[in-house]
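Here is a friendly walk through one protein model, written to be read with the structure open beside you. Take it a section at a time and find each residue as it comes up.

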Amino acid sequence: MLGIHGDNAPMNTEHPAFVWTIAGSDSGGGAGIQADLATIQDLGCHGCSVVTTVTAQSSVAVTLVEPVSAAMLMAQLTTLLSDLPPKAIKIGLLADQTQVALLADWIASFKIHYPSVPVIVDPVMVASCGDALAVDNCQDIKSAAKSALDFRPFKGLIELITPNVLELGRLTHSDVSTKAQFAAAALALSQSLDCSVLAKGGDVSFGSTDILADTHAQTHANTLDTAYKSNGWDLELAEDYLVCRQVRASSELHQNGRFWLASQRVNTRHNHGSGCTLSSAIAAVLAQGFVLQDAVVVAKAYVSQGLSAAVGLGQGPGPLARTGWPNDLSRYAKINLCDGNFISHHLNQHLDVRSDLVATVLSATDQVRIAYTSPQNILSHGFKVLDADLGVYPVVSDLIMLESLLAAGVKTLQLRIKTDISELTTAAPAEFNLGKSALSRCESGEPELIGSELEAQIQTAIALGKHFNAQLFINDHWQLAMKYHAFGVHLGQEDLAVTDLAAIQAAGLALGISSHSYFELLLAHQYSPSYIALGHIFPTTTKQMPSAPQGLAKLKHYVALLQDHYPLVAIGGIDLTNLAKVKATGVGNIAVVRAITKAKDPLAAFAELSQAWEQCSLSEELAVNHELGAKHE
């Protein structure tokens with residue numbers, strides 16, 4: 001095998017990220033490398049291509065599949081790496097097992113020098129028209145369709161594989177006729193390849209008793225609908241199953257989770273290249289620093305948009321439209337948490353694993369138990385609606401500072417008192433919250449309140465908030481917030497699993513939810529909270545964070561998606577030095593901690609921050625008015 005060349009010098013961040021597609025050429029331009037390059041560019045990256053196979057195909061047929069030589073394949077890889085090292089790699093059509101082996105060896109060497117570059121595999125086997133693509137040294141393309149390449153040489157080398165239902169059945173040699181079998185096969189594939197799996201159910205068809213025998217069988221609509229329901233599928237939805245396996249840079253809550261991702265099915269025959277588009281979109285989003293779960297939900301929304309806008313260009317299925325970064329919230333998938341991994345992680349931080357409660361939670365496999373509230377159990381109108389303009393939103397940890405800010409006229413605040421015991425069920429809050437008064441130390445060395453002293457402080461804080469007619473949010477301690485009728489509660493993602501959100505809503509409290517990624521803000525959105533916090537934007541020392549700083553570019557994406565739906569609050573490391581840049585992303589509100597709590601004069605610091613924020617708003621308004629005036633001249 002040829003050696004790998006090139007250096008480890010960091011990329012110039014002023015240029016778009018380089019994304020490689022290692023795949024086959026589609027002479028019709030709708031799939032393969034052609035679709036990949038169009039997608040990668042459409043999502044803001046620069047695409048590079050390594051051709052594995054040349055196909056003679058159109059929208060209706062594949063007439064010849066011819067792999068490139070091993071020497072040409074390796075020369076492309078070596079030449080590219082010396083000049084344009086990738087931030088992400090997508091692998092599509094591989095013509096035969098020899099190419100699989102060669103590429104696996106190359107990736108193993110590549111990963112020594114570039115261990116953090118994600119590799120995504122789309123195990124392409126059949127074109128949209130139904131013809132086989134991977135020939136596997138077989139001259140008869142039709143008979144080759146009954147075989148499958150062995151992807152086990154990629155074990156431990158790739159981050160994600162994206163099989164559709166046909167490919168999943170062949171890769172695992174299993175029956176995937178039901179939704180449960182489909183999920184089990186995806187989990188088995190994840191374990192066998194030591195990677196995450198996105199099993200695509202969008203093209204699932206149960207018109208025939210053997211799903212693997214005829215993926216294009218047509219039946220009467222009523223019969224098809226009955227077949228779907230009997231096998232656990234919803235005819236109206238395109239449902240994918242995401243199995244995460246040690247996802248790098250992800251929150252510990254989700255890095256090994258399993259999730260159903262459901263989108264409205266798009267009724268179109270113009271789906272040529274949808275699998276290629278999905279996998280290359282995932283690679284493009286990953287290349288821009290998003291975590292895997294984010295890349296999957298953004299790419300799925302991108303495909304949904306592309307299917308909706310697709311038009312036929314030939315006699316067969318047409319290609320997807322290229323519609324840019326998806327900012328239509330309705331295109332994003334609904335997320336269904338399918339196991340208790342994230343709950344067990346949370347509980348193990350606080351409880352003896354021998355306790356009966358933990359044993360109950362850890363026994364959960366495909367259902368989230370204890371106090372977890374399904375989004376379907378939240379009333380249709382969601383939580384209390386706030387004024388969109390919260391402005392500068394202080395987060396404080398002691399009553400003295402809280403009262404001084406309230407007396408100075410601050411109208412929205414959060415009390416965040418850290419404890420070493422978390423509320424776990426609504427049935428028995430006393431065991432966890434209201435015991436003997438005590439003090440302990442958190443990781444930062446600051447004292448933590450528990451028990452009756454904690455309750456007394458929260459009760460006093462809520463009373464102060466009412467006295468000053470302010471919107472006071474209590475962080476984490478939702479039972480006490482309900483008991484003393486607080487204005488609202490603020491929860492982190494880990495708290496959603498062990499909180500009775502329906503009870504909070506029924507009590508009339510507002511709800512704020514933290515998010516650290518696209519995936520988490522979509523989870524928050526499913527509960528229709530009063531506001532969503534986006535962070536942490538910059539490095540912060542106020543607490544240990546499960547994810548890397550989001551940065552301004554990501555914040556701008558989040559705002560574009562959600563600004564018409566919720567008040568948005570940016571949080572994390574925000575102060576006077578970066579406030580204007582945060583405002584430029586379009587976010588309407590900022591939460592500040594150290595910029596106030598660590599200031600010599602917290603009241604003066606708040607006043608200065610508020611004035612600066614308002615001036616940014618005024619400058620923005622003047623700029624818009626000037627632009628509108630210029631258009632009318």
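This report covers the barrel, one of its strands, a histidine in a loop, and the salt bridges.

## Before you start

Please keep in mind that this is a predicted model. Every distance, angle and accessibility below is computed from the predicted atoms.

## The barrel

Let's begin with the strands. Eight of them form a closed barrel, in the order β11-β12-β15-β16-β17-β18-β19-β20, and the pairing is parallel. From one strand to the next, the twist averages 25°.

Helix α14, which spans residues 451–467, lies across β12 (412–415) and β15 (471–475), and runs at about 160° to β15. Further along, α18 lies across β17 and β18, with an angle of about 170° to β18.

How many of the residues in β18 are buried? This strand covers residues 531–535, and five of its five residues are buried, so it counts as mostly covered by the under 20% cut-off for relative accessible area. Its side chains point two ways: Tyr531, Ala533 and Gly535 go one way, while Ile532 and Leu534 go the other, and all are buried.

On one side, β18 runs parallel to β17, and four bridges join the two strands. Together, β17, α18 and β18 make up a right-handed β-α-β unit.

β18 also pairs with strand β19 (residues 568–571), again in the parallel sense and over four bridges. Here Gly535 stands opposite Ile571 of β19.

## A histidine between β17 and α18

Now look at the loop between β17 (510–515) and α18 (518–525), where you will find His516. Is His516 buried or exposed? Its relative accessibility is 12%, which is under the 20% cut-off, so His516 counts as buried.

The side chain of His516 makes a polar contact with the side chain of Glu520, at 2.7 Å. His516 can also be placed relative to Leu555: the two are 39 residues apart along the chain, and their C-alpha atoms are separated by 9.8 Å.

The structure holds nine salt bridges. One of them joins Asp36 and Lys90, whose closest N and O atoms are 3.0 Å apart. This pair links distant parts of the chain, since Asp36 sits in helix α1 (residues 32–42) and Lys90 in strand β4 (residues 88–91), 54 residues apart.

Are these two partners buried or exposed? Asp36 has a relative accessibility of 0% and therefore counts as buried. Lys90 has 1%, so Lys90 counts as buried too.

## Salt bridges in the loops

Another salt bridge brings together the side chains of Glu159 and Arg248, with an N to O distance of 3.5 Å. Here too, distant parts of the chain are linked: Glu159 lies in the loop between α4 (141–144) and β6 (160–161), Arg248 in the loop between β8 (237–243) and β9 (258–264), and 89 residues separate them. Arg248 counts as partly exposed because its relative accessibility is 43%.

Which residue forms a salt bridge with Arg245? The partner is Asp194, and the closest N and O atoms are 2.8 Å apart. Arg245 belongs to the loop between β8 and β9, whereas Asp194 belongs to the loop between α6 (179–193) and β7 (196–200), so this pair links parts of the chain 51 residues apart. With relative accessibilities of 30% for Arg245 and 32% for Asp194, both partners count as partly exposed. Some salt bridges share partners, and in this way Lys111, Glu159 and Arg248 are joined into one network.

## An exposed arginine

One last stop is Arg152, found in the loop between α4 and β6. Arg152 has a relative accessibility of 57%, over the 50% cut-off, so Arg152 counts as exposed. The C-alpha atoms of Arg152 and Val100 are separated by 9.1 Å, and the two residues are 52 residues apart along the chain.

Conventions. Residues are numbered from 1 along each chain as its sequence is written. This is a predicted model: local features need pLDDT of at least 70, side-chain atom pairs count only at pLDDT 80 or more; totals for chains, interfaces and linings use all residues. Side-chain values use heavy atoms; hydrogens and water are left out. A salt bridge is a side-chain nitrogen of Lys or Arg within 4 Å of a carboxyl oxygen of Asp or Glu. Buried means under 20% relative accessible area, exposed over 50%, partly exposed in between (1.4 Å probe, protein chains only). A polar contact is a pair of N or O atoms within 3.5 Å; within protein, one must be able to donate a hydrogen and the other to accept it, and residues adjacent in sequence count only if both atoms are side-chain atoms. Two strands pair if DSSP finds at least two bridges between them. A crossover is right-handed if, with the strands pointing away from the viewer, the path from the first strand over the helix to the second runs clockwise. Axes are lines fitted to C-alpha atoms, for helices over the stretch in contact, and angles run from 0 to 180 degrees between N-to-C directions. Contact means heavy atoms within 4.5 Å.
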